[in-house]
Amino acid sequence: MATFLYRLGHTAFRRRPVVLLVWLALLGAAIIAALSAPATKALPFTLPGAESQKAFDLLDQRFPGSASDGATARIVFKAPEGQTMTTAANKAEAQKVTKEIASGSDQVASAVDPYTARAVSKDGSTAYISVTYKVTAAEVDSDSHDALDKTVEQARASGLTVEAGGNAVKVASHGAAAEVIGVIVAAIVLVITFGSLVAAGLSLLTALIGVGIGFLTLAALNSPLELGDNAGVLALMLGLAVGIDYALFIVSRYRSELAEGHPRQEAAARATGTAGSAVVFAGLTVIIALAGLAVVNIPMLTKMGFAAAGSVTIAVIIAVTLVPAMLGFAGDRVLSKRKGEKKAGKKADNSRLGRNIGRNKGDIRAVADDAAESGTARSPEPPRPPEFSKPPMGVRWAQFVLRRPVAVLLTCVVGLGVIAIPTASMTLGLPDDGAQPTDTTQRRAYDLLSEGFGVGFNGPLVVVVDAAKNEAPETAVGEVVTRIGKLDDVAAVAPARFNEAGNTAIITTVPSSKPASEATEKLVEHIRDTGTAIEQDTGARLLVTGQTAVNVDFSQKVNDSLVPYLALVVGLAFLLLMAVFRSVLVPLKAALGFLLSVLAALGAVVAVFQWGWLASLIGVEETGPIMSLMPIFMVGIVFGLAMDYEVFLVTRMREAYVHGEGPGQAVLTGFRDGGRVVTAAAVIMIAVFSGFIGASGAMIKTIGFGLAVAVLFDAFVVRMAIVPAVLALLGKSAWWLPAWLDRILPNVDVEGEGLAKSTAPHPGSGPGNDDHPQPVHV
């Protein structure tokens, strides 16, 4: 692998104009394809095998044209103090709004005024209009959103309090602003890390080209493949994240190779062969994690995973082709000003470096060359920097950990374990309008309905009774209504509504508890248990659906898939890392460390968003169940990023160990070359994800906080502390691999051992003439 990528980097550097033109041509083609693509189709949400989905399918058959899973909205009215919604003026206003809503969009199936539907509270202060759409919530177009917003705004001029809730109401998007914040922070971190605007700009530019190609390609394929907007958003976020990281890894290694005296073309080829190998295998772990979302068997998640995996694939290819090509254009300008001046001084004073070693502090290669010319034996590896040279902060930290491995390991494990404790009480669910910020119309409508009708009115359950095989359908349905009404936590049961054939009925059931609550979830289970008994007694089949039941089924499906998904992703990555590191214990340590960091991150999410600890500091206004997708997203996304840091940091240690360094010294070498880069990459990721914490939506806020905390724990606690502590305790046994397993596993040579043997050395050579490099045999 390293030798192949070395050749690829060599070719990309030498043919840099061609490589750049190819990628620009691909970007141009993606732009043209996206602009000429048909209008985006909304991705229909389905839950194969779930009871709520079976109910929707049955309703479509027995109630044709009813759009059973169509979007819904409720326009809620609150009369001024001392008035009621039953006065002539207020009643006329509500009926006027009903007509405007019904005629405002072709997507509206029906709009029922409060007085026809008896949707007026007992005290008369509150009423609502029920609006149903012919399409799903994802398919409601901008014209329909605008018509709804305009009607609500005009109705407020009458003096009534008017708000709108439901899944048909447009939700503000905050992703774009967060990405802009992430790019700005990434640019600042890159400039600080490299000390060079050119190096920082190169990393950002190549990442943006890759993201542009991936995102625009998905936009072009959105309609024929029905990918949905969320697939593009996830691909954009991850493509940008890993694109910057991968470019950062290779540019950093290129600078190290230049510092060792290699010509620019050789340095780019070596950086691609070594750091590029780490990038390829780190990318494979991310791709495995994203493609593994198919295990959940939810089409929406499957397509999101594959779309994001494609974006990561593009980022990997960009890193090993376009980055070395761009390094050819950048030259020595990727070095900081101080290092560039020092390098120029070394080149000019090459013949006097031996006499000026005290002043230059360490051109060790020149000293070794002088010794060779005088006949003195020289070690094949350059000596270490002199004692008076202050080691980098990463090396000093690694030295501290190597001196106290047991204390550091216990402190980190116990600390993360304590933070993970709240995970045991985690409750999964999907946020409803009650989790929206208090300044949104959805939240105000939710509160008005809760005050006027009860909290359960915001999430009614739809009970579908299939009595086609029953001789007396009405009797069977009546029995269902009676039994459901006797259950605990049921506030009201509406009269049954039959289809034209009279063999299927819909019973709307209002819980006493709010939709996103454990009590409502248990009520769904109780109704389904009751349905089992009813089917045995009467032959009528009972199914529970509606948005609340869909949320319950979705949460259960994701929860049931978490362990198989985790086993698949971690298992495949474990095998991959065994081939990379030629070790059993190092991949095992990587997997266990990841699980520890994810559990700790989930514990922090539960403490803040479910328990309410420090919730006010990040603007959490309503605590409740954790979003169902949170655990599986954290496993997939954070696992990929964690393995990025693991592969890049530990492959450098493995490389040093293979080339003759002791276990402890190899750890120091890994931190010397990779510690600062991994730190910068983690800071960039934390900044990108933290940008979402400021969003108003509870779902976006939870994702941003969870991912930021997970990267913080994994990068700085697991990779930067637990990893060196464990390697220090294991010593040489860390790199142990049974002989039989060594014969089975493919030798991918990610550490570049074969590359070191097959490339000719360049003793004492400077950047020199890159158009005519010294011969290299590969």
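**Figure 1. Strand β1 and its partner β4 in the predicted model.** Strand β1, residues 72-78, pairs with β4 in the antiparallel sense, and five bridges join the two. To find your place along this pairing, look for I75, which stands opposite A164 of β4.

**Figure 2. Helix α9 against helix α21.** Here α9 (residues 264-291) meets α21 (residues 629-658): their axes come within 8 Å and cross at roughly 155°. Angles over 145 degrees count as roughly antiparallel, and α9 and α21 are therefore roughly antiparallel to each other. Their crossing is right-handed. On the α9 side, the contact is made by T274, A275, A278, A282, G283, T285, V286 and A289. Helix α21 brings G636, F639, G640, L641, M643, D644, V647, F648, T651 and E655 to the contact. By class, the residues of this contact divide into 10 nonpolar, six polar and two charged.

**Figure 3. Helix α19 against helix α20.** The axes of α19 (residues 547-581) and α20 (residues 585-610) come within 8 Å, crossing at roughly 145°. This crossing of α19 and α20 is right-handed. If you are picking out side chains to display, the residues of α19 in the contact are L566, V570, F574, L577, M578 and F581. Those of α20 are V586, P587, L588, A590, A591, F594 and L595. What classes of residue make up the contact of α19 with α20? It has 13 nonpolar residues, no polar and no charged.

**Figure 4. Helix α3 against helix α19.** The contact is made by E51, S52 and F56 of α3 together with A549, V550 and D553 of α19. Sorted by class, the contact of α3 with α19 has three nonpolar residues, one polar and two charged.

**Figure 5. Confidence along the predicted chain.** The chain averages a pLDDT of 81, and 85% of the residues score at least 70. Which elements have the lowest and the highest mean pLDDT? Helix α13, residues 364-373, has the lowest at 38, whereas helix α15, residues 405-420, has the highest at 95. Over residues 760-769 the pLDDT is below 50, and this stretch has 26 contacts in the model beyond near neighbours in sequence. For residues 771-778, pLDDT also stays under 50, and the model has 19 contacts beyond four places in sequence.

How values were computed:
Residues numbered from 1 in each chain as written. Predicted model: local features only at pLDDT ≥ 70, side-chain atom pairs only at ≥ 80, totals over all residues. Heavy atoms only, no water. Axes fitted to C-alpha atoms, helices over the stretch in contact; angles between N-to-C directions. Helix = DSSP H or I, 4+ residues; strand = E, 2+ residues; numbered from the N terminus. Parallel < 35°, antiparallel > 145°, perpendicular 65-115°, else oblique. Left-handed = near helix turned anticlockwise from the far one by under 90°. Contact = heavy atoms within 4.5 Å. Nonpolar A, V, L, I, M, F, W, Y, C, P; charged D, E, K, R; others polar. Pairing = 2+ DSSP bridges. pLDDT = per-residue confidence, 0-100.
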